Amino acid sequence: MAVFASRKLALLFVSSLFLFLDAHGRSFTAPPGDVNDRDNEEWQYPELQPRPRFQYPQYSQQSNSPNRPQPRAAVRDPYCPGNGDGALMCRLVNQYRAQYGLGPVQLDSAVTREAQYWSDQLNLQHACWFLYHDYNYHTRMRARFPGRRFRENAACSGSTGGGAQFILQKWIDSPGHRQNMLTPDWKTIGVGVTSNIWVIDFMN
C-alpha cells in the first residue's frame, strides 16, 4: 500500500510540474514580465475574467496516441501550416486566443528552433520530473532576436501519454502560463516537442 501511495503521489506531482519563465531571468514563480530592448514600460495584460470554457476543435486529438482515430480533414489555419505536433499546438493556441478576441500567432521556423533546442535539452537531462528553463534563455533569445519581447512555456505530460490537448489545458489552468498565451502583442510562436516534453516560445 505504501508503494502504491508513493506512485500515486508521484503521478500527481508530475501532472502539476509546469513552470513559466519570467523573461527578465527572475524566479520562475514571479509574475511574468516582458522583454523589450527599447523601453522598460510595465506590460499590461487583458482582463481575463470571466474566463470562457475552452472548446477543443475536432482536429485536436492526442497527437502522440496511435490508438486514437485521426480526423479525415484538419481544420485549416494559414498561420499554422503542417500536420505535426507544432502545427497542432499552434492551432489550439490560436483558437484559445480567438475566444478572447486576440489575433492569431504565426508558426515561425526560427522561433521553433529555439523551442526545439530547449525541449531536446530537457529530454537529454531526463528532466520531466524537474522541469526548468534555460538559465541562458534571456541572453540567448535577445541575441537571436534583438529588440523583441518573448516568453516561454514548458511542460511535460509524464506517464499520462497526453498530447497537445492535454498540455494546453494544463497551461490554461495555470495563471502564469495562461497570461503568456493571452498576451495581445504576440505575433509568432515556436513549438518544440521531444518525447513527452513540450516547449513553446512566443514573440512579438
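**What the labels rest on**

Modeller: Start with Thr188, which lies in strand 4 (residues 188-194). Helices (H or I, at least four residues) and strands (E, at least two) are DSSP runs, numbered from the N terminus. This is a predicted model, in which local features need pLDDT of at least 70 and side-chain atom pairs count only at pLDDT 80 or more, while totals for chains, interfaces and linings use all residues. Residues are numbered from 1 along each chain as its sequence is written, and side-chain values use heavy atoms, with hydrogens and water left out.

Colleague: Why is Thr188 called buried?

Modeller: Buried means under 20% relative accessible area, exposed over 50%, and partly exposed in between (1.4 Å probe, protein chains only). Thr188 has a relative accessible area of 11%, so Thr188 is buried.

Colleague: Which residues does Thr188 touch, leaving out those up to four places away in sequence?

Modeller: Contact means heavy atoms within 4.5 Å. By that rule Thr188 touches Val105, Gln106, Asp108, Val111, Arg148, Asp201, Phe202 and Met203.

Colleague: What makes Cys80 and Cys90 a disulfide?

Modeller: The term needs a pair of cysteine sulfur atoms within 2.5 Å. The sulfur atoms of Cys80 and Cys90 are 2.0 Å apart, and the two form a disulfide. The torsion about their S-S bond is about -60°, so the disulfide is left-handed. Cys80 lies in the loop between strand 1 and helix 2, and Cys90 in helix 2, so the pair ties together parts that are 10 residues apart in sequence. Cys80 counts as buried because its relative accessibility is 2%, and Cys90 because its relative accessible area is 0%.

Colleague: How do you know that Cys128 and Cys156 form a disulfide?

Modeller: Their sulfur atoms are 1.9 Å apart. With a torsion of about -95° about the S-S bond of Cys128 and Cys156, this disulfide is left-handed. Cys128 sits in the loop between helix 3 (109-124) and helix 4 (137-144), and Cys156 in strand 3, so parts 28 residues apart in sequence are tied together. The structure holds 2 disulfides.

Colleague: What makes strand 3 mostly covered?

Modeller: In strand 3 (residues 150-156), 7 of its 7 residues are buried. Phe150, Glu152, Ala154 and Cys156 are on one side, with Arg151, Asn153 and Ala155 on the other. In a regular strand the side chains alternate between the two faces of the sheet.

Colleague: How do you know that strand 3 pairs with strand 5?

Modeller: Two strands pair if DSSP finds at least two bridges between them. Strand 3 and strand 5 (residues 197-203) have 7 bridges and pair in the antiparallel sense.

Colleague: What makes a set of residues a nonpolar core?

Modeller: It is a set of buried Ala, Val, Leu, Ile, Met, Phe, Trp, Tyr and Cys residues joined through side-chain atoms within 4.5 Å. The largest such core has 26 residues, with Met89, Val93 and Trp171 among those having the most contacts inside it. Helix 2 gives the largest share of this core, 7 residues. Apart from it lies another core of 11 residues, including Trp118 and Cys156.

Colleague: Where does pLDDT stay under 50?

Modeller: pLDDT is the predictor's confidence in each residue, from 0 to 100. It stays under 50 over residues 3-50 and also over residues 56-74. Where pLDDT is low, the predicted coordinates should not be read in detail. The mean pLDDT of the chain is 74, and 63% of its residues reach 70 or more.
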